[in-house]
Amino acid sequence: MNEARTLLAINGSHRRGEGFTARALDAFLRGAAAAGARHEVLYPARLRIAPCSACGKCLFETPGACRHDDAMGEVIARLEAADLLVLASPVHFDGLPSALQKMVERLRVLLGARFEYRDGRTHHLRRAPGARRRRAVVLCTAGNPERESFVTIRRALRRILGAMEWEPAGEFLFPASHLLAAEPDLLAGQLHALERAGEAFAATGSIGPDLLAAANREYVDDPAAVLRQMTETILRIRDERRRAREA
Ligand SMILES: Cc1cc2nc3c(=O)[nH]c(=O)nc-3n(C[C@H](O)[C@H](O)[C@H](O)COP(=O)(O)O)c2cc1C
């Protein structure tokens, strides 16, 4: 993997470039850019994507072609052209945000008629297998301070990558995500490691275990205190906004 690679990032946040997920993703992409990767960030929430209507047309009538004509054609073209992928998302009710879920369901157009039963699980195979070895990382943020918040979304994202034949190259999980904005110094080490991980990923397609561990190092030592801080922050912002409306 020596030539300049194309890196596609998908950020499932509905807050577009201003959210907590974007803060972490930006660090990773800074590293990737330093290593010379061309990159682009797609926000499903910004795109006109119709929900999958489960009509079966892409399976039974026009294999590989969806009845909807919208931004999904371009999303799939970008996905297929990319060498490296960052699948970034906040946790919404333990799962994927609706805009990302909608985009993912539309990827079913890439799956064909064949299934495999392997390692105790069903694998729905792509219609046309991916020709190249393509690597992906997952980056998730969650408001709650406990890492248990990521159980469902990690499983869903891993399955999506598997179905699309993207090889997993690492995961980055940021609980108590408001700390990314409120206490950047507390996370400085993790964000620095994340930036170096982006650089390694773009340069080699893989990320060493030490960098993965450093970027995922625990920073919440008192979950109850973090939750109290979250409540105080919400009440303060609510007050500020009320005063601004009344001014
Ligand atoms: C509709 C909604 C549902 C959420 N559900 C959860 C949840 O189940 N668990 C959790 O830890 N955080 C939850 N959160 C908080 C977000 O995961 C967290 O604030 C995240 O970092 C937001 O990322 P963003 O700013 O990039 O959108 C939820 C937020 C929203 C808006």
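Which residues surround the ligand, and which of them are the closest?

1. Basis of the note. This is a predicted model, in which local features need pLDDT of at least 70, side-chain atom pairs count only at pLDDT 80 or more, and totals for chains, interfaces and linings use all residues. Residues are numbered from 1 along each chain as its sequence is written.

2. Ligand shell. The ligand is surrounded by 18 residues, the closest being G19, T21, P90, G143 and S177. A residue is near a molecule if its C-beta atom, placed from the backbone, lies within 6 Å of it. By class the shell has 10 polar, 6 nonpolar and 2 charged residues; Ala, Val, Leu, Ile, Met, Phe, Trp, Tyr, Cys and Pro count as nonpolar, Asp, Glu, Lys and Arg as charged, and the others, Gly among them, as polar. Helix 1 (residues 20–34) gives the most to this shell, with 3 residues. Helices (H or I, at least four residues) and strands (E, at least two) are DSSP runs, numbered from the N terminus.

3. Five strands form an open sheet in the order 2-1-3-6-7, with parallel pairing. Strand 2 (38–42) and strand 7 (167–174) are the edge strands, each pairing on one side only. From one strand to the next the twist averages 15°. Two strands pair if DSSP finds at least two bridges between them. Strand 1 (residues 6–11) and strand 3 (residues 84–90) pair over 5 bridges in the parallel sense, and I10 has L87 of strand 3 as its bridge partner.

4. Helices on the sheet. Helix 5 (residues 151–163) lies across strand 3, strand 6 (135–141) and strand 7, and runs at about 160° to strand 6. Helix 7 (residues 188–204) also packs on the sheet, touching strand 1, strand 3, strand 6 and strand 7, and its direction makes about 170° with that of strand 7. Axes are lines fitted to C-alpha atoms, for helices over the stretch in contact, and angles run from 0 to 180 degrees between N-to-C directions.

5. Helix 7. Why is helix 7 described as largely enclosed by the rest of the structure? The reason is that 12 of its 17 residues are buried, meaning that 20 or more other C-beta atoms lie within 10 Å of a residue's own, whereas exposed means 12 or fewer and partly exposed in between, with C-beta atoms placed from the backbone. Among the buried residues are L191, L194, A197 and F201. The buried residues pack against strand 1, helix 1, strand 3, strand 6, strand 7 and helix 8 (209–215); contact requires C-beta atoms, placed from the backbone, within 7 Å. Just after helix 7, G205 takes a positive phi of about 85°.

6. Two residues of helix 1. F28 is found in helix 1 and counts as buried, with 28 C-beta neighbours inside 10 Å. Leaving out residues up to four places away in sequence, F28 touches V86, L139, L194, E195, A197 and G198. G31 is also in helix 1, and with 23 C-beta neighbours inside 10 Å it counts as buried. Under that sequence exclusion, the contacts of G31 are E195, R196, A197, G198 and E199.

7. The hairpin. Strand 4 (residues 111–118) and strand 5 (residues 121–126) run antiparallel and are joined by 5 bridges. L111 stands opposite R126 in strand 5. The hairpin has 2 residues between the strands, and D119 takes a positive phi near 50°.
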